[in-house]
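Student: Could you take me through this model, giving the general idea behind each feature before the case itself?

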Amino acid sequence: MEILVAYYSETGNTRKVAEAVFAGLRHTRKKLLPIDQAGDMTGYDLIFCGFPVQHHGVPARMVHFLRSIPAGKKIALFASHGSLRGGEKALSAFYAALSLLQGHTVIGTFGCRGQVKPQMIDEWMESPQHQAWAREAQSASGHPDAADLHDAREFAETMLYSAEHIHGLGKKPR
Ligand SMILES: Cc1cc2nc3c(=O)[nH]c(=O)nc-3n(C[C@H](O)[C@H](O)[C@H](O)COP(=O)(O)O)c2cc1C
């Protein structure tokens, strides 16, 4: 099985998560690449795609990347986000990504918090309707932390198991 861990990251949070996912894959045929270096994806069986949540959704470059994946792949999604883990703000981005991946099998998702650049928090603090969100974003400081990265490695293990044993990628061709 050929595995690609592809990620987009602006301030390094999603890159750290991608590195942890990559480290968690007990598999030798694997590559870790930023999306702009992913190249031809035809040969991969399982593709991990990681992105930062932006404006409750998927950044435009990641949308473009997801649309460029050749049909019929197994996909595992991961994201970093300033909002609380498992919260609506992060989930909406996964739903957006899922809607772009029809024709593929999405085998799982993982999200963890990622600290938000102070300049964005300052901007949001200035507008009254964004202040609650700005405080939530502020509390993501220090993430992804060791526990987040541990969970990311476990996610990778689970996805590999799932791809091999549930989605049949481990079966030898007849
Ligand atoms: C322009 C912008 C918009 C963002 N919008 C959201 C959002 O809607 N929800 C959220 O949870 N985090 C949001 N964030 C926070 C990022 O998702 C978070 O900091 C992420 O970990 C950044 O990852 P990166 O370092 O890989 O770029 C936003 C950050 C920026 C810069």
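Student: At what angle do H1 and helix H6 pack?

Tutor: Helices and strands here are DSSP runs (H or I of at least four residues for helices, E of at least two for strands), numbered from the N terminus. Axes are lines fitted to C-alpha atoms, for helices over the stretch in contact, and angles run from 0 to 180 degrees between N-to-C directions. In this structure H1 and helix H6 (residues 146–166) pack at an angle of about 45 degrees, with their axes 7 Å apart. Angles under 35 degrees count as roughly parallel, over 145 as roughly antiparallel, 65 to 115 as roughly perpendicular and the rest as oblique, and H1 and H6 are therefore oblique to each other.

The model is predicted, so local features need pLDDT of at least 70 and side-chain atom pairs count only at pLDDT 80 or more, whereas totals for chains, interfaces and linings use all residues. Residue numbers start from 1 along each chain as its sequence is written.

Student: Which residues of H1 and H6 make the contact?

Tutor: Two residues are in contact if their C-beta atoms, placed from the backbone, lie within 7 Å. By that criterion H1 contributes Lys16, Val17, Ala20, Val21, Ala23 and Gly24, while H6 contributes Leu149, Ala152, Arg153, Glu154, Phe155, Ala156 and Glu157. For classes, Ala, Val, Leu, Ile, Met, Phe, Trp, Tyr, Cys and Pro count as nonpolar, Asp, Glu, Lys and Arg as charged, and the others, Gly among them, as polar; the contact of H1 with H6 accordingly divides into eight nonpolar, one polar and four charged residues.

Student: How do H4 and H5 pack?

Tutor: Helix H4 (residues 118–126) and helix H5 (residues 131–138) have axes 7 Å apart and an angle of about 155 degrees, which makes H4 roughly antiparallel to H5. Their contact is formed by Ile121, Trp124 and Met125 of H4 with Gln131, Trp133, Ala134, Ala137 and Gln138 of H5, and by class it has six nonpolar, two polar and no charged residues.

Student: Which residues are closest to the ligand?

Tutor: A residue is near a molecule if its C-beta atom, placed from the backbone, lies within 6 Å of it. Here 22 residues surround the ligand, and the closest are Ser9, Thr14, Pro52, Ser83 and Gly114. Helix H1 (13–24), strand E4 (74–81) and helix H3 (88–99) each supply at least two residues of that shell, whose residues divide into five nonpolar, 14 polar and three charged.

Student: What backbone features are found at His55 and at Pro144?

Tutor: Most residues other than glycine have a negative phi, and most peptide bonds are trans. His55, in the loop between strand E3 (46–52) and helix H2 (60–67), has a positive phi near 50 degrees. A cis peptide bond, with omega about 0 degrees, joins His143 and Pro144, and Pro144 is found in the loop between H5 and H6.
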